[in-house]
Amino acid sequence: MRAMVYRGPYRVRVQEKDRPVVEHPNDAIVRVTRAAVCGSDLHLYHGMMPDTRVGMTFGHEFVGVVDEVGPSVRNVKPGDRVMVPFNVYCGTCFFCARGLYSNCHNVNPNATAVGGIYGYSHTCGGYDGGQAEYVRVPFADVGPSPIPEWMDEDDAVLLTDALATGYFGAQLGDIAEGDVVVVFGAGPVGLFAAKSAWLMGAGRVIVIDHLDYRLAKAASFAHAETYNFAEYDDIVVHLKKITDHLGADVAIDAVGAEADGNLLQHVTAAKLKLQGGSPVALNWAIDSVRKGGTISVMGAYGPMFSAVKFGDAMNKGLTLRMNQCPVKRQWPRLFEHIRNGYLKPSDIVTHRIPLEHVAEAYHIFSAKLDGCIKPLIVPNAA
Amino acid sequence: MPYTPDKPKLAESSDELRARIPGWGADLDPADRPSVPKEQFDPNLSGAHWEFPERQPEKWPRERSIEHRFLTPVFGTSCPPKGLSGVIRRYSYRRFSEGRAAHWLLLLAADRVDAVESTLGSFVTRRPDNPLTETGVRSELTRHGLSSRLRGNRVDRVHHLIDPVLVAAPWVLAGGAAYLLLRRALGGRHR
Ligand SMILES: NC(=O)c1ccc[n+]([C@@H]2O[C@H](COP(=O)([O-])OP(=O)(O)OC[C@H]3O[C@@H](n4cnc5c(N)ncnc54)[C@H](O)[C@@H]3O)[C@@H](O)[C@H]2O)c1
Ligand SMILES: [Zn+2]
Ligand SMILES: [Zn+2]
């Protein structure tokens, strides 16, 4: 089969690879019909995530058709169109039994701190991902769901990560009616978090980024008030000024490990790998939220330490909430919201790129060229 | 104003927001949100029909965190450790827990070694690495590279030049070393 393969930092290619096989009785093999590149893939692509091996196939946001199932699989069968959450999870460990699917303890031998994620380095379990023609899906009775008849495939693929994560991020903000919510990052996760904040009754939604084309999307798609941090000497002071010097009630970090806005932080983290991630946006969140407020961290950071302003978080009595998104928990409600017309996830898709050109998809998404917000990858046979 | 008791007034009331924004308040009740409360105990919800999953066969000694009691029943089988990078990875897993910076720094070092080993290895295969196609740099020409970077007030412009240097440096160094070695080899023959 054809598959995207990592060759080293900033280098990926498409090559022939063995088609995955059933390795466990509850595995399914899924023929991928749509995959996406996620902001998280950029952390791998830039060589920031420890134990990212040459030869791995990335891709944790994908949908497809079940091609083959292991002997113990009951809930899906060959021919079913399925959407697959980015989490690999068993369904019954201590954490899964409590709904913490992203924290499964039975799927990742390489680390106990993080669960299993498709195509996301060995630190997340060493699974090949879905930017390929076929992918192995463990625990086929647990993760995958049939794509509803009425649902567009492009909406379905975004439900497997970006939309679920943005929606989860807004929930972790504990938004109450009338709250002022500031979202850092106008990528797919930030856009969906901003949109979701309204569903939870926010009174004002502010989005911060430095890419004007993404801020324009935040204004049109997520009805947000937007500010380009590059235009302010100090975005924290600006946020204080526009909130009557109180600060926002809730801040959402939808940026993560490669945050810009402070060259030292960015270069030591993203280029030199001396810290787990560049916490510029997280530090701005800590400084711009009001005392007693809540920060929801959706941005991903590496497993090493990062230079976070913890003292101010403590002095301000902040609540910090965070996790990888337990995707499937969000689905029933998100299906309703899409059906009701409250959300149209595929509105943020800017590029549809054949699998054969995956290197270009990574380059334009990474360098933020050509107005790219969300690139979808379409395998040849799809 | 934080100096007095009341919250600053919002520009728009809830009713105005409900009228303007599709779905405003659909999840207004904090108790009625899918991730509230954080932990919801229900081992039968997931579709699983086991308490502890069957074990996937271990086809090669699978490296694992020493914080785990045993090899997890299911695991990924992409890219078994190989070469010098594999030796470093195995050592890092065997020796250091996830709590130790050494664990992660060794793994990052192994990643760099892996990239060099794999690239050198690729030159004796039918599919040598090609930095031009693999970096997707062609899209600089077809996807408005320069104008995308120059538009607006992007702050990442200042470090954009670091990326090509990071990517090209090993190739330039390797090319230089190869050239010197070749010259010495040829020079040796003439002498
Ligand atoms: N928790 C989860 O389950 C989960 C799931 C998906 C993605 N993520 C993480 O969420 C983050 C965002 O993902 P994405 O797909 O939207 O990525 P993205 O790269 O498209 O978006 C990041 C955005 O942040 C902007 N940015 C950079 N520095 C900033 C700063 N200091 N302040 C404000 N904005 C800044 C960038 O310009 C960019 O628009 C990533 O770290 C990703 O790994 C987490
Ligand atoms: Zn993701
Ligand atoms: Zn589990």
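## Zinc site of ligand 3

A:Cys96 and A:Cys104 are both buried. In this predicted model, these two cysteines belong to the donor set of the zinc ion (ligand 3), together with A:Cys90 and A:Cys93. Each of the four residues contributes its SG atom, and the donors lie 2.3 to 2.5 Å from the metal. Along the chain, the spacing of the donors reads C-x2-C-x2-C-x7-C.

The angles subtended by the four donor atoms around the zinc ion (ligand 3) run from 102 to 117 degrees, and the arrangement is therefore tetrahedral. The assignment requires all angles to fall between 85 and 135 degrees. For four tetrahedral donors, the ideal angle at a metal is 109.5 degrees.

## Zinc site of ligand 2

The zinc ion (ligand 2) is coordinated by A:Cys38 through SG, by A:His60 through NE2 and by A:Asp161 through OD, at 1.8 to 2.3 Å. Its donors follow the pattern C-x21-H-x100-D. Distant parts of the chain are linked by the pair A:His60 and A:Asp161, which are 101 residues apart. A:His60 sits in the loop between α1 (39-45) and β4 (62-69) of chain A, whereas A:Asp161 sits in the loop between α2 (153-159) and α3 (162-172) of chain A.

Ligand 1 is surrounded by 33 residues, the closest of which are A:Ser40, A:Asp209, A:Arg214, A:Asp260 and A:Cys325. By class, this shell holds 17 nonpolar, 11 polar and five charged residues. The elements α1, α4 (188-199), β11 (204-209) and α8 (280-288) of chain A each supply at least two residues of the shell. The largest share, four residues, comes from α1(A).

Several polar atoms of the protein approach the ligand. In the side chain of A:His43, an N or O atom is 2.9 Å from an oxygen atom of ligand 1. On the backbone, a polar atom of A:Asp260 lies 2.7 Å from a nitrogen atom of ligand 1, and a polar atom of A:Met298 lies 3.1 Å from a nitrogen atom of ligand 1. Taken alone, ligand 1 exposes 880 Å², and the protein buries 96% of that area.

## Backbone features

Most residues other than glycine have a negative phi, and most peptide bonds are trans. A:Lys368 has a positive phi, near 55 degrees. This lysine is found in the loop between α11 (358-366) and β17 (375-378) of chain A. With a relative accessible area of 16%, A:Lys368 is buried. In chain B, phi of B:Cys79 is also positive, near 50 degrees. B:Cys79 is buried at 16% relative accessibility.

Where in chain B is B:Cys79 placed? B:Cys79 is in the loop between α1 and α2 of chain B. B:Pro37 is in the loop between α1 (14-20) and α2 (83-95) of chain B, and a cis peptide bond with omega of about -10 degrees joins B:Val36 to B:Pro37.

## A side-chain contact in chain B

B:Ser65 is found in the loop between α1 and α2 of chain B. The relative accessible area of B:Ser65 is 2%, so the residue counts as buried. Its side chain makes a polar contact of 2.6 Å with the side chain of B:Glu98.

## Sequence separation and spatial distance

A:Val30 lies in strand β3 (residues 28-36) of chain A and is buried, with 1% relative accessibility. Between A:Val30 and A:Tyr134 there are 5.5 Å in space, C-alpha to C-alpha, although the two residues are 104 residues apart in sequence.

A second pair involves A:Lys240, which belongs to helix α6 (residues 235-241) of chain A. At 21% relative accessibility, A:Lys240 counts as partly exposed. A:Lys240 and A:Ile364 are 124 residues apart in sequence, with a C-alpha to C-alpha distance of 34 Å.

Technical notes: Residues are numbered from 1 along each chain as its sequence is written. Chains are lettered from A and ligands numbered from 1 in the order in which they are written. This is a predicted model: local features need pLDDT of at least 70, side-chain atom pairs count only at pLDDT 80 or more; totals for chains, interfaces and linings use all residues. Side-chain values use heavy atoms; hydrogens and water are left out. Donors are N, O and S atoms within 2.8 Å of the metal (3.2 Å for Na, K and Ca); water is not among the atoms, so sites may look incomplete. Four donors count as tetrahedral if all angles lie between 85 and 135 degrees; four count as square planar and six as octahedral if opposite donors are over 155 degrees apart and all others between 65 and 115; anything else is irregular. Buried means under 20% relative accessible area, exposed over 50%, partly exposed in between (1.4 Å probe, protein chains only). A residue is near a molecule or strand if one of its heavy atoms lies within 4 Å of it. A polar contact is a pair of N or O atoms within 3.5 Å; within protein, one must be able to donate a hydrogen and the other to accept it, and residues adjacent in sequence count only if both atoms are side-chain atoms. Accessible areas come from the Shrake-Rupley method with a 1.4 Å probe; for residues, only the protein chains shown count as cover. Ala, Val, Leu, Ile, Met, Phe, Trp, Tyr, Cys and Pro count as nonpolar, Asp, Glu, Lys and Arg as charged, and the others, Gly among them, as polar.
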